[in-house]
Amino acid sequence: SPRAFVSSDGDEAPATKNAASKASKAQTKSRMEQIFGFKKEDLSSWHNLVCLLNRPTDSASLGIFRCLFGLLMVIDVTQERGLSHLDYKYLDGAPVCRFPLLNFLEPLPLDWMYLVYLVLFLGSLGIMLGCFYRLSCLMFISTYWYIFFLDKTAWNNHSYLYGLIGFQLTLMNGNRYWSLDGLRRPSIRNAHVPLWNYTLLRTQIFIVYFIAGIKKLDADWVEGYSMSKLVNLLVVHGGGLVLDLTAGYLLFFDATRPYAFFFVSYFHCMNSQLFSIGMFSYTMLATSPLFCYPDWPRRFFSHFPSFLKPVLPLTTPELQPSTSCVYNEVSNLSGDQQERPAHSKLSKPRLKHKLAAIFTLLYIAEQFFLPYSHFITQGYNNWTNGLYGYSWDMMVHSRSHQHVKITYKDGKTGAIGYLNPGVFTHSRRWKDHGDMLKQYASCLSHLLPRYNVTDPEIYFDIWVSINERFQQRIFDPRVDIVKADWSPFRPNPWLMPLLVDLSPWRTKFQEIEGSLDNQTEIVFIADFPGLHLENFVSEDLGNTSIQVLQGQVNVEIVEEKKNYTLQTSETMKVPAGAYHKVYTVSEDPSCYMYVYVNTTEAALLENFTKLFELQERVRNGTGEAIAKGNDELILLTFAEVNATDPIVRLFLKRQRRMKEVKKRREAGLLERLERFAGKKYYTIRRGFLMTAIAMRNLAVGLPPLEQLTREVEFANMKGPQDEGNQKDLLKEEVGHGEL
């Protein structure tokens, strides 16, 4: 049925009905009722609308979704919510800067945070099983939203969606079908649920798709700049735009729903492989059946063998009446229920039915409004509007950071120093959000006095490129952020404007980059009048030059104490191993580019090529083996290379890594599943063992340090393959350091 938002039991067609009955029933319906599942008269008055939203509806589809959502949240607790590495994030006593939504929110001590996560896990499990359903929902949403508000840096759209669905389920009768509560309380087992339960969930999913599609109408997405470096433009940008705009509508109608299921399923399966988005793809797959007839599980499970029926959901079409629904007429009930007087009693809307209708309408209106509410919370607007996570602008903006400098100044002595970017924090998202930058600066101002810095002033010089534009400053580097004014309801005064007028240069960037060889790299810079960029050119970067694309700049070579003025199209080389400053002296923003070659990397790659050729020569019988590695002979020649050379060792590490990568890519399905299952097992195992340790600590106190150390080491145990992979990662990091 196309009655995706408002379908009811009365519109269903159980498998036991004959074709003649269905045909005669369809003939009695108006065209509007056949398409949308309700009559025009249902919207003609408030009373009729309340009756419509509280119409008795089959609880089967809602029950299956409740179970699937709970299962996915059980998995999510150990994965994206972070139970398995909770001690790294909330280690007691560590000087860490955090970014809560409200500054008074703070994490509990570590062992108590494990208790919070345990409550979250039990709440998810209770939702899945339908056990003490309402309590489980409250356990889930109270702990989930606490964790969510505790860290803005972890916000994303799908985490926000999980919280919304959990909140909705708390108010719904999700335990009327296939639940332990139904076994404990026969009065609610297999009972009707009001239509608004489905209306709310279906509309929420429609909003996720449709608003995401509206946000993808952004010129950067349409022109292919949002994710152009990842995958094909047509598949991701074009396909994503069309699917998001149409998925909600296609799922609505009978004729288009099968096609919608195919494309939506393909889209989410593809996303699950391309992106690290946790359970989001699977959650969206679980929501798709909500758009089907609500009795689809009964018809689906009726085809299973009879010996499985004790553990499968009910397939009987008979449902119990519920006080949560309004029974206006006998025809509201489906099939042979219409002939049962016990189920056909009339009822009038009560206060709770009217409140449910009011809540449904207000919630839907709020969800349509919130993605466009940024004119209220202007302090959270940066180059993009609002905090990422509740606007459904998924992957519309990509960023790259070329340069981040944190300068502190002692307020008493005037001494100036620099901090490693990201010091005292686990996150990097603060670089793009003024509210987080303010929190970070305030935190640093409280931590630096421990290191003999009095009344510190903090300055940030952050260069960002959004959707392949010029690298440019996002915040004014001259402003002390500790004392800077910031309000959630006023525009950020120290936010630098995005130079959108320079966006057409991106086409030229592609032409310039296409003309370069593989060893030459390029960085495009735009800067504001009156500001300058201080840069250090590494000795590894030979032939580094600056070319002005627009405006006028002065280049100061610090050690030489010389200044050079460059106009549009003029170029000069800058010395390696030294500092230089580029001042924008034109009235308008300047644009210039650095062109350089990493000579060290180029020489290393040349040596790798030479070593590989020598290795092949020896394998072909024209060379001589001079060293023996752990697993294989190192094939080189005496005359041309020294076996103790660090380049040789790095080459061998690289070869081993390439061999491992090739082995993984060529692995069979069973081997991949085994590797995946093993990795997940040890991740989940660590989370639960650390939780058990924390619960013991809360119950009986801390054990001796030696015992606690052994327990944590046991929890950290990994499989042999994982340990080998960790060693490879360490080797790779060492190799990168040598490089």
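**Strand pairing and a nonpolar patch in a predicted model**

Me: Which helix holds tryptophan 46?
Reply: Tryptophan 46 is found in a helix of residues 46-53. Helices are DSSP runs of H or I with at least four residues, strands are runs of E with at least two, and both are numbered from the N terminus. The helix with tryptophan 46 is α3.

Me: What do the numbers and values rest on?
Reply: Residues are numbered from 1 along each chain as its sequence is written, and side-chain values use heavy atoms, with hydrogens and water left out. This is a predicted model, in which local features need pLDDT of at least 70, side-chain atom pairs count only at pLDDT 80 or more, and totals for chains, interfaces and linings use all residues.

Me: Is tryptophan 46 buried, partly exposed or exposed?
Reply: Buried means under 20% relative accessible area, exposed over 50%, and partly exposed in between (1.4 Å probe, protein chains only). Tryptophan 46 has a relative accessible area of 38%. Tryptophan 46 is therefore partly exposed.

Me: Which helix gives the largest share of the nonpolar patch?
Reply: Trp46, Leu351, Leu355, Ile358, Leu361 and Leu362 make a nonpolar surface patch of about 590 Å². Patch residues have over 30% relative accessible area and no salt bridge, with nonpolar side chains joined within 5 Å; a salt bridge is a side-chain nitrogen of Lys or Arg within 4 Å of a carboxyl oxygen of Asp or Glu. Five residues, the largest share, come from helix α16.

Me: Which strands stand at the edges of the open sheet, and why is one side of each left without a neighbour?
Reply: The open sheet has four strands in the order β4-β3-β5-β6, with antiparallel pairing; two strands pair if DSSP finds at least two bridges between them. Each edge strand has a single partner strand, so one side is left without a neighbour in the sheet. The edge strands are β4 (416-419) and β6 (472-473).

Me: How many bridges join β3 to β5?
Reply: β3 and β5 run antiparallel, and arginine 399 stands opposite isoleucine 466 in β5. On β4, β3 has four bridges, and the partner of threonine 407 there is tyrosine 418. The number joining β3 to β5 is 10.

Me: Which residue in the turn between β3 and β4 has a positive phi?
Reply: β3 and β4 form a hairpin with six residues between them. The positive phi is about 80°, and the residue is glycine 414.

Note on methods
Patches are made of residues with over 30% relative accessible area and no salt bridge: like charges are joined within 9 Å, nonpolar side chains (Val, Leu, Ile, Met, Phe, Trp, Tyr) within 5 Å. Accessible areas come from the Shrake-Rupley method with a 1.4 Å probe; for residues, only the protein chains shown count as cover.
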